[in-house]
Amino acid sequence: MTDLVRRSLAELVGTFILVFFGPGAAAITLMIASGASKPNEFNIGIGALGGLGDWLAIGLAFAFAITASIYAVGKISGCHINPAVTIALWATKRFPTNEVLPYILAQLVGAALGSFAFAAAAGMDAVTIGGLGATAPFPGISYGQAMLAEIIGTFLLMFVIMGIAVDSRAPQQFAGLIIGLTVGGIIITIGNISGSSLNPARTFGPYLGDFLLGGINLWNFFPIYVIGPIVGAVLAAFLYDYLAKE
Amino acid sequence: MKCYLCKEQGKDTDAVAICIVCGMGICMEHLVREETELWKGDYPFPAKKLKRTIPRIVCVICHEAMEE
């Protein structure tokens, strides 16, 4: 098995873990809150029982899954588990061009497998009620507002990755923990705006699962979760390089 | 400096190295010199084994303990 295949497989496993546990937590929250009275139109079920605490719980599920993945496969593949991160590292000449496509394909396959595995484990309610944790703009949020939230959210994620992991002056061994918690924090704030994907693969998995398993078709929102994260991540990487220049 | 292990056996041999683990002076007979792999890279870059290695000298006692 070549080195690139082995590393791509590690990306697949890392993204599987992310999508099974992260969006899985969002789907479970919707399933638990199913039938509960919702205080307003802005509330689709996440927050119906625990308010912003629901988003804290979902954010922590993402944080733990990302932290676990980074410490598990970070040394093998780099654990990008996010096409936006791979593209931002490539754009700043830190990642080889010929490895970008294999990495992104592995991330998408891992995300799809994560969603299908979650549907298999939790049952069809995870699709029909939980939507497999798919992201979409929340009621009252426009296409452009959701994209802006994704750009800003992913900007923060990539900015932290640059500061805590890419910069050689960063303290060692903290990256997994800090990046996991950063994603958790972002989700708490923009979760109820755009769904806080920050990652095209994280949205792709649930979208494909919902589409093929008889759930809701959300593909018209997919550009939000491709363009937003990539723009945010690339901007952050270039800005960090400019600011950190010696 | 004399070899500690030789001294224990009643011999008086000059030390040629110091064990990096226990700091004992050791002669050629009581040292193990081996190459240690070097790795570069961590999240978000895959770690790669470097072509060059660094030599490490330990006494036979520490070498045996680390082999367990």
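**Helices, contacts and an exposed loop residue**

Q: At what angle do helix α6 (residues 143–166) of chain A and helix α9 (residues 222–243) of chain A pack, and how far apart are their axes?
A: They pack at about 40°, and their axes are 7 Å apart. Axes here are lines fitted to C-alpha atoms, for helices over the stretch in contact, with angles from 0 to 180 degrees between N-to-C directions. This is a predicted model: local features need pLDDT of at least 70 and side-chain atom pairs 80 or more, while totals for chains, interfaces and linings use all residues. Residues count from 1 along each chain as its sequence is written, and chains are lettered from A, ligands numbered from 1, in the order written.

Q: Why is α6(A) called oblique to α9(A)?
A: Under 35 degrees would be roughly parallel, over 145 roughly antiparallel and 65 to 115 roughly perpendicular, with the rest oblique. The angle is about 40°, so α6(A) is oblique to α9(A).

Q: Which residue classes make up that contact?
A: By class, it has 19 nonpolar, five polar and one charged residues. Ala, Val, Leu, Ile, Met, Phe, Trp, Tyr, Cys and Pro count as nonpolar, Asp, Glu, Lys and Arg as charged, and the others, Gly among them, as polar.

Q: How many helices and strands does chain A have?
A: Nine helices and zero strands. Both are DSSP runs numbered from the N terminus: H or I of at least four residues for helices, E of at least two for strands.

Q: What makes E41(A) count as buried or exposed?
A: A residue is buried with 20 or more other C-beta atoms (placed from the backbone) within 10 Å of its own, exposed with 12 or fewer, and partly exposed in between. E41(A) has 9, so E41(A) is exposed. E41(A) sits in the loop between α1 (3–33) and α2 of chain A. Leaving out residues up to four places away in sequence, E41(A) touches P139(A) and G140(A); contact means C-beta atoms, placed from the backbone, within 7 Å. The C-alpha atoms of E41(A) and G140(A) are 8.4 Å apart, though 99 residues separate the two along the chain.

Q: How many residues of chain A are in contact with chain B?
A: 16 residues of chain A contact six of chain B. α2(A) gives the most to that side of chain A, with five residues.

Technical notes
Two residues are in contact if their C-beta atoms, placed from the backbone, lie within 7 Å.
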